Amino acid sequence: MSLTKKNLIFLGAPGAGKGTISNLLLAKVKLAHISTGDLLRAEVAAKSELGLAAGKIMASGGLVPDEIVAKMVRARLAKDDCREGFILDGFPRTIQQAELLDAALKEIHSQIDAVIYLHVDDETLLQRLTARLNCRGCDAIYNKLFMPPKVEGVCDKCGSALYQRSDDSLETAKQRLSVFYKQTEPLIEFYRKAGLLMTFEKGDPNAIVDQMISDLK
Ligand code: ADP
Ligand code: ZN
């Protein structure tokens, strides 16, 4: 299946479902998945210079500097698979990142077609974050309360062990939420004014994805 609007930004607070809904959409539509959180965690795991600097910031719930993240995304957007469309998951997160993104896309004669804002109340966000489980072997995301794996602690898809992200502790999750409201929320108005915003309220992820596909066709 292909979409008319295929260059997408997923915007939403931590725990809003950007990763989960990206994965469901990617199972139906061929798009490149660009998650800055995943890219940064890979740098941390590889103990690269970037990873060493970013790791400390991520552990505290803060944002990695705009130029660093934008440079990483710019390199990723230049790859061939992005030509068929892409999901930017977790980027941009500040107005400056949005401006850097705009410049990077102009250089490659590309543009954003739609910004998908996933809106979820704070209470649900904190419940979701502190019960979230991630797979060590693949991109799968579970939730102890709302989307448990079939076998406790084991990924349904690949059989690898599940773990809780260290920044999903209650304290760090609260910090990430406050960073979202201060630094990222202004992007909602920014993209609304640009005529790109599409808002989805909390709901069944499969239903959200079906609606999204029909809106992007
Ligand atoms: P979530 O959306 O659940 O907060 P992510 O996996 O997207 O989680 O991000 C984890 C952490 O990585 C963030 O708290 C932040 O420190 C860093 N990060 C990810 N994307 C960006 C970005 N665009 N700008 C700055 N920091 C980022
Ligand atoms: Zn897995």
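In the predicted model, Cys158 is partly exposed, with a relative accessible area of 37%. This residue is one of the ligands of a metal site: the zinc ion (ligand 2) is coordinated by the SG atoms of Cys135, Cys138, Cys155 and Cys158, at 2.3 to 2.4 Å. The angles among the 4 donor atoms of the zinc ion (ligand 2) run from 96 to 115°, and the site is tetrahedral. For four tetrahedral donors, the ideal angle at a metal is 109.5 degrees. Along the sequence, the donor residues of the zinc ion (ligand 2) follow the spacing C-x2-C-x16-C-x2-C. Within this set, Cys138 and Cys158 form a pair that links distant parts of the chain, 20 residues apart. Cys138 belongs to the loop between β5 (132-135) and β6 (141-143), whereas Cys158 belongs to the loop between β6 and β7 (162-163). Cys138, like Cys158, is classed as partly exposed; the relative accessible area of Cys138 is 27%.

The shell of ligand 1 comprises 19 residues, of which Thr36, Arg41, Gly62, Gln97 and Arg176 come nearest. By residue class, this shell around ligand 1 divides into 7 nonpolar, 5 polar and 7 charged residues. Helix α2, which spans residues 36-45, gives the most to the shell, contributing 4 residues.

An N or O atom in the side chain of Gln97 is placed 2.8 Å from a nitrogen atom of ligand 1.

Asp121 occupies the loop between β4 (114-119) and α6 (122-130). Asp121 and Leu162 are 41 residues apart along the chain, and a distance of 26 Å separates their C-alpha atoms.

Technical notes: Residues are numbered from 1 along each chain as its sequence is written. Chains are lettered from A and ligands numbered from 1 in the order in which they are written. This is a predicted model: local features need pLDDT of at least 70, side-chain atom pairs count only at pLDDT 80 or more; totals for chains, interfaces and linings use all residues. Side-chain values use heavy atoms; hydrogens and water are left out. Donors are N, O and S atoms within 2.8 Å of the metal (3.2 Å for Na, K and Ca); water is not among the atoms, so sites may look incomplete. Four donors count as tetrahedral if all angles lie between 85 and 135 degrees; four count as square planar and six as octahedral if opposite donors are over 155 degrees apart and all others between 65 and 115; anything else is irregular. Helices (H or I, at least four residues) and strands (E, at least two) are DSSP runs, numbered from the N terminus. Buried means under 20% relative accessible area, exposed over 50%, partly exposed in between (1.4 Å probe, protein chains only). A residue is near a molecule or strand if one of its heavy atoms lies within 4 Å of it. A polar contact is a pair of N or O atoms within 3.5 Å; within protein, one must be able to donate a hydrogen and the other to accept it, and residues adjacent in sequence count only if both atoms are side-chain atoms. Ala, Val, Leu, Ile, Met, Phe, Trp, Tyr, Cys and Pro count as nonpolar, Asp, Glu, Lys and Arg as charged, and the others, Gly among them, as polar.
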